[in-house]
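I opened a new notebook page for this structure. I wanted to look up a pocket and some charged pairs.

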Amino acid sequence: MLPIRRGRPARVPAVAALLAATATGALAACGDSGGLQSAGATPAARSPARLWPDLTPASSPAYDIGEVDNEVVKGVPVPHGDIREVDPVAVVREEIAAHPDDYAGATSRYHETSVRMGDCGDDGTGAGRAGCPVLRPYYRDLTGDGRPEMALGFRLLPEKLTAVRVYTVERGRLVRVMSYDDAVSEVELAGRTVIVRSPSEVAGYEYRLQWTWDADQRAMLLTSDEMLRTDDGGLHTGRPSPSPSPSGSPSASLSASPSASPTTSAR
């Protein structure tokens, strides 16, 4: 959310002069054609209509969707307190080890991810390597403390999904502050926000979700979940229900694009 600017001086004389000059020019330009023309009636403004006013308000959520993700990643060191020196492959291996039901064994949902981790090597440079399911990490200050966070993605195989994670460092420990699993088309970083675009089953539409850093919760919170028009108008299928758990999340790529700003609309 952008800060509200207060006390900003309004340049009234300059605006008034500009409007006067514009009006004079407009009258002179259209005087021969009959003067100014009406654009039609303006629709009357209507306030929101509240439905079921006698309905008892809910006091607690019906489902736990994991709004806050803030968890220390054990077993992964942070050399010199610098997140850039953290091995992304080691981070993913730690998550795989923590969730054997999802990764271990031929019948587990993402067993192929576990198998292909062998293509990542052990020298700390395997992320982004051909065959390795761990994507190249991106670094950006998402918390506003002047230090970078790590945006990390990895394939959830054999399903066509990608896991999207964000990590920060607190008191020398690696902490996961965002976790999302889905059939992702694109990931962007904009200011303090992570934007995830996912395909929709509805032709010509896509989902756009935004997570924004919240200093009180010490985590990235889902601040926007929208269904938007796309330019291709094609039919996208296969979007699974999003999972807030630390296992699985799709993303064709992670891009540090400066576009888009957080909104607060929700689906």
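**Entry: starting point**

I noted that this is a predicted model.

**Entry: the second largest pocket**

I looked up the volume of the second largest pocket. About 160 Å³ of space lies in it. Which elements give two or more residues to its lining? I found β1 (71–72) and α2 (88–98). The largest share, four residues, comes from α2.

I then went through the lining residues. Among them are Glu71 and Val72, then Val73 and Lys74. Val91, Glu94, Glu95, Ala98 and His99 are also in the lining.

How many lining residues fall in each class, nonpolar, polar and charged? I wrote down five nonpolar, one polar and five charged.

**Entry: salt bridges**

Side chains of opposite charge can pair when their charged atoms come close. I looked up the count for this model, and it comes to 14 salt bridges. I followed three of them.

**Entry: Arg109 and Glu159**

Arg109 forms a salt bridge with Glu159, and their closest N and O atoms are 2.9 Å apart. Where do the two partners sit? Arg109 is in the loop between α3 (100–103) and α4 (111–116). Glu159 is in the loop between β3 (149–156) and β4 (161–170). The pair is 50 residues apart and links distant parts of the chain.

Arg109 has a relative accessible area of 44%, so I put it down as partly exposed. Glu159 is at 29%, so it counts as partly exposed.

**Entry: Glu112 and Arg116**

The side chains of Glu112 and Arg116 meet in a salt bridge, at 3.7 Å from N to O. Both residues lie in helix α4. They are four residues apart, about one turn of the helix. Glu112 is partly exposed, with a relative accessible area of 28%. Arg116 is partly exposed, at 28%.

**Entry: Arg197 and Glu206**

Arg197 forms a salt bridge with Glu206, the closest N and O atoms being 2.9 Å apart. Is Arg197 buried or exposed? I found 17% relative accessibility for Arg197, which counts as buried because the cut-off is under 20%. Glu206 is at 14%, so I noted it as buried.

Conventions
Residues numbered from 1 in each chain as written. Predicted model: local features only at pLDDT ≥ 70, side-chain atom pairs only at ≥ 80, totals over all residues. Heavy atoms only, no water. 1 Å grid on protein atoms, 1.4 Å probe; cavity = no way out; pocket = protein on both sides within 12 Å on 5 of 7 lines; lining within 4 Å. Points joined across faces, edges and corners; volume = space filled by probe spheres on them. Nonpolar A, V, L, I, M, F, W, Y, C, P; charged D, E, K, R; others polar. Salt bridge = Lys/Arg side-chain N within 4 Å of Asp/Glu carboxyl O. Buried < 20%, exposed > 50% of the residue type's maximum accessible area, 1.4 Å probe, protein only.
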